[in-house]
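Please look over the aromatic contacts in this model. My notes follow as numbered points.

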Amino acid sequence: MNLTNRKPNKLFNFVASNNFQFMTTTLRIERTQESKISSVDFSNLPFGSVYSDHMFITEFVDGEWRDPRIVPFGPISLDPSAKIFHYGQSIFEGMKAYKDEAGDKFLFRPLENARRLNTSAVRLMMPEVPEELFMSGLKTLLEIDSDWIPTSDGSSLYIRPFMFASGNGFHASPADAYTFVIATAPSGPYFGGEVRVLIEEKYARAANGGVGYAKAGGNYAAQFYPTQLASERGFNQVIWTDDNTHEYIEEAGAMNVFVRINDTLLTSPTSDRILDGVTRKSIIQLATDLGIPTEVRKITVKEVVAAAKDGSLKEIFGAGTAAVISPISGFGYKDETFTLSEVDQPYAAFLKKKITDIQTNKAEDPYGWRVSV
Ligand SMILES: Cc1ncc(COP(=O)(O)O)c(C=O)c1O
């Protein structure tokens, strides 16, 4: 990082906004000398690979978060013995910022992400980030990079808060220093086309007593090899099943999974092995309030396969911040593949519109989920 261009400390005073009271946080701001924004084609955004001008960063040293600041987005220098490289203490979150036609900016249930980051931190023996620090860093970053929030349909500013062990040493023990960063990427849709999934019968991403419920980097590393094998068979994602019996549907890639059998919407309960998705819990609430019969219960692979065979399987879709709601057009299990027929008025499209209208300020938000920034 280039720290030569330091501006004097600036006091950011965030007072009550929606339901949240923010502390007064002193953030140092170092603006980029040259914005990259004119080189970005906002009408054709990829997902998560174009980065905005600035990032928020702070280090945890001697028991406290120090020198929170906004700096130009750029490389971070680490010692080769930094424990992130050896012991994988690495957690992250995924959120989005939206802009409406009037140019007002919004987040969706941001405290859920701040809290889940801390749930992950506790499990990975890492320090928690105070919610006020998380929110004030994020809000200031969005102020400074507000021009990077795209407005075209289906696009948004993807936000990636993450923390890693920056303390040094080859001893297999928790690090004594950590770095927390929030970086952002103006992004288009996560999936390009139709999504076909393979129901996994051998590998597992998580186990009871493990870290599956945390957003730990290693959970994703564990998915890559089985997902590659699935992709060689023509599938975009794996639907994970329980590690013990592989008889129950759990989640998919970076999405929770919903199944519609006849008119009933089903999703698995969260557990040690499943991420407690913000999109998932919002969909359960919306579907219930909209009168869709909704059940949170274990779903067997057997019943999904049987429903595909007898025609009662109407829809499967994934739900997550990145993918929003992504209909799954077909699935493989063992040596069979199943293609779902199109249904009239799919729940996936209906619920996707409901949730994105709330996120982008096109609809009333009776739940208080949308937060102005
Ligand atoms: C493994 C996993 N499951 C589910 C989700 C969906 O969670 P959310 O809706 O909070 O983005 C994600 C994405 O964060 C994920 O990585």
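**Notes on the aromatic rings**

1. Start with a charge over a ring: Lys298 sits over the face of Tyr248, 4.6 Å from the ring centre. Arg260 does likewise with Tyr347, here at 3.9 Å from the ring centre. Keep in mind that this is a predicted model.

2. Now the ring pairs. The structure has 16 aromatic pairs. Take Phe47 and Tyr190: their ring centres are 4.9 Å apart and their planes stand at 85 degrees. An angle over 60 degrees counts as edge-to-face, so the Phe47–Tyr190 pair is edge-to-face.

3. The cut-off for buried is under 20%.

4. Phe258 and Phe317 make a stacked pair. The centres are 5.3 Å apart, with 10 degrees between the planes. Stacked requires planes under 30 degrees apart.

5. Where do Phe258 and Phe317 lie? Phe258 is in strand β13 (residues 255-261) and Phe317 in strand β16 (residues 313-320). They are 59 residues apart, so this pair, too, links distant parts of the chain. Both Phe258 and Phe317 are buried.

6. Finally, a cluster. Phe56, Phe60, Trp65, Phe134 and Phe180 are linked by ring pairs.

Key: Residues numbered from 1 in each chain as written. Predicted model: local features only at pLDDT ≥ 70, side-chain atom pairs only at ≥ 80, totals over all residues. Heavy atoms only, no water. Phe/Tyr/Trp six-rings, centres within 6.5 Å; stacked < 30°, edge-to-face > 60°. Helix = DSSP H or I, 4+ residues; strand = E, 2+ residues; numbered from the N terminus. Buried < 20%, exposed > 50% of the residue type's maximum accessible area, 1.4 Å probe, protein only. Lys NZ or Arg CZ within 6 Å of the ring centre and 35° of its normal.
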